[in-house]
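Subject: Structure handover

Hello,

Here is the structure I promised to pass on. Please open it next to this message. My notes follow below.

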Amino acid sequence: MGSLANDYDRRMPSANYPAPGSRRSGSSGDVRHHNLTQVLRYVRDHGPSSRHDIAHGCGLGISTMTDLVGELRHRRLVRELDPVRRTGAGRPTRPLEVDGDPWVVLGVHLDLDHIRVRAATVGGLELWRDEVPVDLRRLGAPDGVHAVLAVVRAQLGHLDGTRDLVAVQLALPGRVGRGGLVVSEALGWASVALTDRVGAALAARGHRNVHVGAADETQLAALHAARTELDLPSDSIVAYLGGSRAVSTAVVVDGEIYLGASGAGGDFGHAHVDPTGPACRCGRHGCLQSFAGPAAVLVAGDLLTTREADQLVLDQPEKALRLVVEAAAAGDARVLTALQRAGRALGHTVDDVVGILNPDAVVLGGYLGALAGWLLPAVQLETLGAGGPTAFPGTRVVALPSRSGRSVAGALLAARDACFSDPLTLTQRLSA
Ligand SMILES: [Zn+2]
């Protein structure tokens, strides 16, 4: 049980690292908590389900189920649907589905020049969206944090008193390291206690019992892709390669973000493709980034100088992508060669990742998804040929069309997950 709880903590998408002693110890209360979470996740992943199917799927007895379902119904986390008559004998059954209507969750994506917010109920009903221009890159750490707090506070104005806020998940252009401190090179944040600050700002407005989590924007984009955009079981293993200003990657295991030892798990943007390759900004040569990063493609395709490419990708990543797409679509030979080279570097990396992880799917998202038509043939050349690792035959390589808002959608998903992971702390009984 101890090691199980450990693994569980490590994979939680929205949790910060638990303080020593906070891990569950295996008492009967913990078993009940674990069972409640299992039931919620089952219904989340399978939609309306009979008590029998939930009990079977979670390995629970029917009498235990009665207690658990009662608790979840009192908290408006699940609800009963109209009776369904089963074929053959027996009483009609009332399927259960996720309710969650009284509980609000927020996903907040901090991009370099704007903050994007989505709010929904724990049941998934969308409530509102917001997008606020904030130049976080220019503001630096202290002023940037104040700006984030102001945006979060402003969201509270949408709450009309009929629903309670229970979880906020922040998507960052950076990562959450040990102790929950945010490190973001892009924002110039060295070690910012952002989740604590947001939690304190909410508590000061009377929202005292809100889970505040944070994760890298690409990890959350990967979570969304794996859980909702691919036709895969919810416990799948997915390697995601995307990003908008650089190759940014993440891994989802059993439907949860794989954080690794210090929050940076699944980062293979600097996979060492070719030690004789071009210089990378990390100080080494021939990283995936130096072949397939958006600036690298612009430069290798002779569209811009290194300096121009770096600036454009930083300031206007969408415009940088459009330049490449338009040149490739027009048949620009240098750009096509640059994309082929980027595709082969991606292919080398994907080949290694498949051998290491044996994932269900490798996903090209972000700007790589938008360029997939040109990249995939080269990726496949490097990965699907010559037999390859035994892991390969079962792995799909999938391109998702470029989509803005995947990170904030993933943050919303993780905020809902936080409530499913800790229903007793985050919600209260609304009926006896
Ligand atoms: Zn590098």
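Axes are lines fitted to C-alpha atoms, for helices over the stretch in contact, and the angles run from 0 to 180 degrees between N-to-C directions. Helices (H or I, at least four residues) and strands (E, at least two) are DSSP runs, numbered from the N terminus.

The model is predicted: local features need pLDDT of at least 70, side-chain atom pairs count only at pLDDT 80 or more, and totals for chains, interfaces and linings use all residues. Residues are numbered from 1 along each chain as its sequence is written.

Confidence

pLDDT is the predictor's confidence in each residue, from 0 to 100. The protein chain has a mean pLDDT of 90. In it, 91% of the residues reach 70 or more. Residues 1–24 stay under 50. For that stretch the model has 39 contacts beyond four places in sequence. A contact here means that the C-beta atoms of two residues, placed from the backbone, lie within 7 Å.

Helix pairs

Start with α2 (residues 28–46) and α4 (residues 62–74). They pack at an angle of about 75°, and their axes are 10 Å apart. The two helices are therefore roughly perpendicular to each other. From α2, Asn 35, Leu 36, Val 39 and Leu 40 meet Thr 64, Leu 68, Glu 71 and Leu 72 of α4. By class, this contact of α2 with α4 has five nonpolar residues, two polar and one charged. The classes are these: Ala, Val, Leu, Ile, Met, Phe, Trp, Tyr, Cys and Pro count as nonpolar, Asp, Glu, Lys and Arg as charged, and the others, Gly among them, as polar.

Next come α11 (residues 317–329) and α12 (residues 333–357). Their packing angle is about 115°, with the axes 8 Å apart. So α11 is roughly perpendicular to α12. The crossing of α11 past α12 is left-handed. That term applies if the near helix is turned anticlockwise from the far one by less than a right angle; clockwise makes it right-handed. Val 324, Ala 327 and Ala 328 of α11 meet Val 335, Leu 336 and Leu 339 of α12. This contact of α11 with α12 has six nonpolar residues, no polar and no charged ones.

α12 also packs with α14 (residues 372–383). Here the angle is about 45° and the axes are 7 Å apart. So α12 is oblique to α14. α12 passes α14 in a right-handed crossing. Among the residues that meet are Leu 336, Leu 339 and Arg 344 in α12, and Trp 374, Leu 375 and Glu 382 in α14. The contact of α12 with α14 divides into twelve nonpolar, five polar and three charged residues.

Sheets

Two strands pair if DSSP finds at least two bridges between them. Two bridges join β7 to β8 (residues 182–184). Arg 175 has Val 183 as its bridge partner in β8. β8 and β9 also pair over two bridges, and Val 182 stands opposite Val 192 in β9. The hairpin of β8 and β9 has four residues between the strands. In that hairpin Gly 188 takes a positive phi near 75°.

Another open sheet has five strands, ordered β13-β12-β11-β14-β15, with mixed pairing. Its edges are β13 (256–257) and β15 (396–399). Inside this sheet, β11 (residues 238–242) and β12 (residues 248–253) run antiparallel, joined by five bridges. Leu 241 stands opposite Thr 249 in β12.

Best wishes

Technical notes
Angles under 35 degrees count as roughly parallel, over 145 as roughly antiparallel, 65 to 115 as roughly perpendicular and the rest as oblique.
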